[in-house]
Amino acid sequence: MKNVLYLGWLGYKNIGDELMWEIFKQKFDEKVDKSKYRLFPSDKNRLSMIKRKKMVLRHYNTIVLGGGSLLTPSYINILYHAIQIKKDIEIIIWGSGIDWIERRDLKKLLIGNEMIEQKKDNEFNVFRHKDFKLKLQIVLNHAKFAAVRGNYTFEVLKNMGLNLDNVLISGDPGLLVKTPNNQGTIKEKGLVALSWGTAKNKLFGKNEKKIEDELVLVVKDLIDKGYHFCIFPVFEKDIVPCQRLYNKIADEKRVELKTTLYNQNELLILMQKCSFTINLKLHANVLSAVAGIPFIALGYRFKTFDFANSIGLDDLVVPTDDSNIHLSILNLVNYIEEHQDIMQHIPPLQLECEKKLDQIFTLFT
């Protein structure tokens, strides 16, 4: 019996990480012989044990780095140490991505220039650390399968000088979520789902209060146009910011507040009723795309831009350091109203993403 570890940020009630684990587990259960392989998730206890006592990694024959922004020193260190401890361990990278990139480096990337060399260490420049680059290259070279979620992630890795000959661009694993069979769902005219939350000001612009206040203006203006809203969280720590936003808008008739965390099926059903969605967190935008509903993504970190680009919808991102978020969102609403077919190209992209990511299950023989 061989043991497989799915390595992800699990157990923190964050819908994006949890849904990607559920997608992987479901596919594993369908495609892999359970008499030969056992699958284990890196829940809080297991991950803590791995970080404290690397010898635990000997128990696994395969480690799958799952979906999410996991191409970071902490996760790459785990894979690197696993290779040092057990030379024949199999490493799989299943649509992982990066996130902590400076806004000015993102702007450079978008116009095709090299990223800026950073002088001071902070959470946004880990990709310039020589030790990290060395370990990441060793992990990539060792991997039996390596897929990153977006073109921008690939370009940053390339910009680091890494050899990416065996790395493919898959798309975000969240695109593999299946929409629930709810043919009776009826669109509610003018309904907008709005997900808000917090990144503890670790976002472009570093000013969540400003964004929140501009969202209040957006909602009030769109209510005047006939829209109504459902505000919801996707992470436990997002609940309080959602309540605060709801209280600032102060319109109980046309704004509903959800204070419980929905699973992906419940959110997909909600989104399918909507005209469009407005979202801070990445996988609220991913779910909106899966539901076939246009989204306005608040580009708070690199990963949002990476995802939007991967599905050809760069124009639906409003950076959180935009000088006039209020106006930029209203302009995008007008754009969405005028382009009703904007999401029609998504299903073929989902099929292509699934085809690429499903390749790994042929490795479990």
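# Reading a predicted model, feature by feature

Author: Welcome! This structure holds zero disulfides. Please keep in mind that the model is predicted.

Reader: Thanks! What is a disulfide, in general?

Author: It is a covalent bond between the sulfur atoms of two cysteines. To count here, the two sulfur atoms must lie within 2.5 Å.

Reader: How far from Cys230 is the nearest cysteine sulfur?

Author: The nearest cysteine sulfur to that of Cys230 belongs to Cys274, 7.3 Å away, and Cys230 is in no disulfide. Cys242 is in no disulfide either, its nearest cysteine sulfur being that of Cys230 at 9.5 Å.

Reader: Is Cys230 buried or exposed, and is Cys242 buried or exposed?

Author: Buried means under 20% relative accessible area. Cys230 has 2% relative accessibility, so it counts as buried. Cys242 counts as buried because its relative accessibility is 0%.

Reader: Next, salt bridges. How many salt bridges are there?

Author: A salt bridge is a side-chain nitrogen of Lys or Arg within 4 Å of a carboxyl oxygen of Asp or Glu. By this rule, the count comes to 21 salt bridges. Let's start with Lys27 and Asp358, whose side chains meet at 3.2 Å, N to O.

Reader: Where do Lys27 and Asp358 lie in the chain?

Author: Lys27 is in helix α1 (residues 15-31), while Asp358 is in the segment after α13 (346-357). The pair links distant parts of the chain, 331 residues apart. Both Lys27 and Asp358 are buried. They also belong to a network of salt bridges that links Lys27, Lys31, Lys178, Glu354 and Asp358.

Reader: Which residue forms a salt bridge with Glu90?

Author: Lys144 does, with the closest N and O atoms 3.3 Å apart. Lys144 lies in the loop between α5 (130-142) and β5 (145-148), and Glu90 in strand β4 (residues 90-96), so this bridge ties together parts that are 54 residues apart in sequence. Lys144 is partly exposed, with a relative accessible area of 43%. Glu90 is partly exposed at 22%.

Reader: What about Asp99 and Arg301: are both buried or exposed?

Author: Both Asp99 and Arg301 are buried. Their side chains meet in a salt bridge of 2.7 Å, N to O. Here too the pair links distant parts of the chain, 202 residues apart. Asp99 is in the loop between β4 and α4 (103-110), and Arg301 in the loop between β11 (295-299) and α11 (302-310).

Reader: Finally, where is Ile360 found?

Author: Ile360 is in the segment after α13, and is buried, with a relative accessible area of 0%. Ile360 and His142 are 218 residues apart in sequence and 15 Å apart in space, C-alpha to C-alpha.

Key. Residues are numbered from 1 along each chain as its sequence is written. This is a predicted model: local features need pLDDT of at least 70, side-chain atom pairs count only at pLDDT 80 or more; totals for chains, interfaces and linings use all residues. Side-chain values use heavy atoms; hydrogens and water are left out. Buried means under 20% relative accessible area, exposed over 50%, partly exposed in between (1.4 Å probe, protein chains only). Helices (H or I, at least four residues) and strands (E, at least two) are DSSP runs, numbered from the N terminus.
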